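Reader: Could you walk me through this model, starting with how far to trust it and then going on to its side-chain contacts?

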Amino acid sequence: MAAWLGRLSLGDAWFNMYSRLLRTKPMGSMAHGSDDLTELGEGSGIGLAKVLTTVDLVSLGVGSCVGTGMYVVAGLVAKAMAGPGVILSFIIAAMASILSGVCYAEFGVRVPKTTGSAYTYSYVTVGEFVAFFIGWNLILEYLIGTAAGASALSSMFDSLANHTISNYMITHLGTLRGLGKGEDTYPDLLALFIALLVTVIIALGVRNSVGFNNVLNVVNLVVWVFMIIAGLFFLSAKNWESGNFLPYGWSGVMQGAATCFYAFIGFDIIATTGEEAKDPNTSIPYAITASLVSCLTAYVSVSVILTLMVPYELIDSSAPLMEMFAVHGFLWGKYIVAVGSIAGLTVSLLGSLFPMPRVIYAMSQDGLLFRCLSHVSVLTHTPVVACVVSGSLAAVLALLVSLRDLIEMMSIGTLLAYTLVSVCVLLLRYQPDENIDTHQFTSPDDGGDLNNAEVPTKDDHMLIGDGDGSASYHTGGTEGEGDDSDFHTGRASLLKRILGGHYYTLRLRLGIPSASARPTPATGRTVTRCTLLFFITSFLLWSTVIFGVEQGAGAAAVFSGLMATLMAGSLVKLLIVIIQQPESGMKLPYMAPCVPFVPAAAILANSYLMLKLSPLTWARFTIWCFIGLLIYGCYGVWHSTLELNAREQQAHASSYQRYDDNLDAFSPEEILPPQDQEERPYQGWSAPEERGNIQQEDQDGEQEQYEGDGDGYQSSRGKTNHGFKEED
């Protein structure tokens, strides 16, 4: 061991850590055909039950949004941030959510095993460290959402009891210092009890909790219809006149949109429970679309009624929809809305708590969190340990933290997760098809076994580069493919309909490749670099706009405007470079339209909304991320399933090399048996080419990437971070 460590260079040691952070989970292992979808939990004899229909997924998504979003967030944003402009805030937040939602829908069918949602997606495409970071922040958002739902329900019961519950708690238990504005709060034992009760319901089983969720959604729907019809008799247009529609200006509308974004997390929950869906390829896209449209309709209609019934400054922040009828003396309306509020907030609480243990389950299955959390109950078919742990943490938060403080902490992790999903769509769309050969979706008529099918080699031979090692993609493709090939993802056909005869002229000027062109490792890395630069530049752009242009004055504002213009031009240039690269030819049941423009718009919208959140929210976010980094650095990176597999393969490789007289030295890259070269896919941005071609030349100066029997690209494709080079 000491001798082996002595042979390691500083560059190799750095690359080993780099490879650990950016190693990706093979997409073939996530598809239905690779192994049983109901993967067994550690220490159990049963996996997650596949019982959810499309209606169940829509019910989960709508219920998780409409409860807190309609009964709490609408009134809070209208009173403190946007006034009647909350209507525009919801519309803007919905547009940003739709952009991310179509990316989620594509990933839902591309990676059907979606127990971890954005965590799983980023693990497949971006890398392990980013995946842990996203999963850790999804846990934060669900944790806060669950605690906020329990606290809101407690406040609702307290309002119905004329605040006798809160008065009793303050008298006998005292008060606590608030975490946000400094307001005092009391230990909310009722919220603690509610959170624990819902945890028990979730732990009893998917079928039971979803059935309960559907019943509450029906009640919520009936009450929503009642509010719209009854509210029409109490409207006053004066509440929108004389500048009252936008009392806080557009800045307040955008700040409200950042808070309202949390009210559209339904499609995230749909994707999270995809492993338990009967037919995720069909159910996930339909459920995401239906949830977003239903939630937007509910929010806009309720916001219109609320702000026309009550002046924005008189809205009750704790129970706005109940009190809007009480203001007009319609007490029966208040009690009917109270029933709907209890049902809506309960189903929202279920929607927040339902996916949280499943994200924890997915992360613990991969070894990034403690593996005991992946235990699945034989009786209930649920990750019971993760349910108990997550529910207990949410109950403690609900006990100690006020509702207002919780609402302020909601959106940032969700926005970041959605941004990373959009980044992942861009990365996968432009990576070589070898990344997904093992789980192409085929029809029953094909009659072929994916595992036994031979990989076509025509494109492989056409990808062999010139003497300088450069690859050419423009001559690739399959016989019979043209510009309007069925393999195209839809961008060309849409542009063709819009531009008509100018389409081909624009295509030539921009350098858009033909539909028959296929990506190579070189073009895939180009898109990766451009996407990462786009992601970083978008944050820099909006930081300059918000803190320099909007809040600046004089010469500083002018200079910030010029810098923002330059950065906007850089974003356009990056998009042009991306569309000049060929897309993957893989066909999916659903594909996000207008790539790369839709994912790019989602990145821009989400990054802007993130920067509109308060500095206190960013401070809390930083503390939570620091705790997560400690867990990952001390446990996850060393107990990851990929790490354990690499160690096992390294042991086999060490034994193998003792019989290989042609190898003079042991390299940290050479830790896999040579037969694995043909099985490992292209590794994207963590590929060995990213090392600066360290291993492309041997000691005699000969290039190894394309040497051998003429099948140079096939050899290059099998070369991974841990693979042997093939010997002649």
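Reader: What is the mean pLDDT of the chain?

Author: This is a predicted model, in which local features need pLDDT of at least 70 and side-chain atom pairs count only at pLDDT 80 or more, while totals for chains, interfaces and linings use all residues. Residues are numbered from 1 along each chain as its sequence is written, and side-chain values use heavy atoms, with hydrogens and water left out. pLDDT is the predictor's confidence in each residue, from 0 to 100. Here 72% of the residues reach 70 or more, and the mean for the chain is 75.

Reader: Which element has the lowest mean pLDDT, and which the highest?

Author: Helices are DSSP runs (H or I, at least four residues), numbered from the N terminus. Among the elements of the chain, the lowest mean, 35, belongs to helix H19 (residues 458-462), and the highest, 93, to helix H23 (residues 555-579).

Reader: How many contacts does the model have for residues 435-490, beyond four places in sequence?

Author: Contact means heavy atoms within 4.5 Å. Where pLDDT is low, the predicted coordinates should not be read in detail. Over residues 435-490 the pLDDT stays under 50, and the number of such contacts in the model is 89.

Reader: Which residue forms a salt bridge with Lys25?

Author: A salt bridge is a side-chain nitrogen of Lys or Arg within 4 Å of a carboxyl oxygen of Asp or Glu, and the structure holds 9 of them. In the one formed by Lys25, the closest N and O atoms are 2.5 Å apart, and the partner is Asp366. The two lie 341 residues apart, with Lys25 in the loop between H2 and H3 and its partner in the loop between helix H15 (356-365) and helix H16 (384-400). Both are buried, Lys25 as well as Asp366.

Reader: Which residues are linked with Arg23 in a network of salt bridges?

Author: Arg23 meets Glu643 at 2.6 Å, N to O, and this pair links parts of the chain 620 residues apart. Glu643 also meets Arg647, at 3.2 Å; these two are separated by about one helical turn because they are 4 residues apart in helix H26. Glu643 is buried at 4% relative accessibility, whereas Arg647 is partly exposed at 39%. The network links Arg23 with Arg20, Glu128, Glu643 and Arg647.

Reader: Is Phe325 buried or exposed?

Author: Rings of Phe, Tyr and Trp (its six-membered ring) pair if their centres lie within 6.5 Å; planes under 30 degrees apart count as stacked, over 60 as edge-to-face and the rest as tilted. Phe226 and Phe325 form a tilted pair, 6.0 Å centre to centre with 35 degrees between the planes. Phe226 lies in helix H9 (residues 206-231) and Phe325 in helix H13 (residues 320-327), so the pair ties together parts 99 residues apart in sequence. Phe226 is partly exposed at 22% relative accessibility, whereas Phe325, at 0%, is buried.

Methods: Buried means under 20% relative accessible area, exposed over 50%, partly exposed in between (1.4 Å probe, protein chains only).
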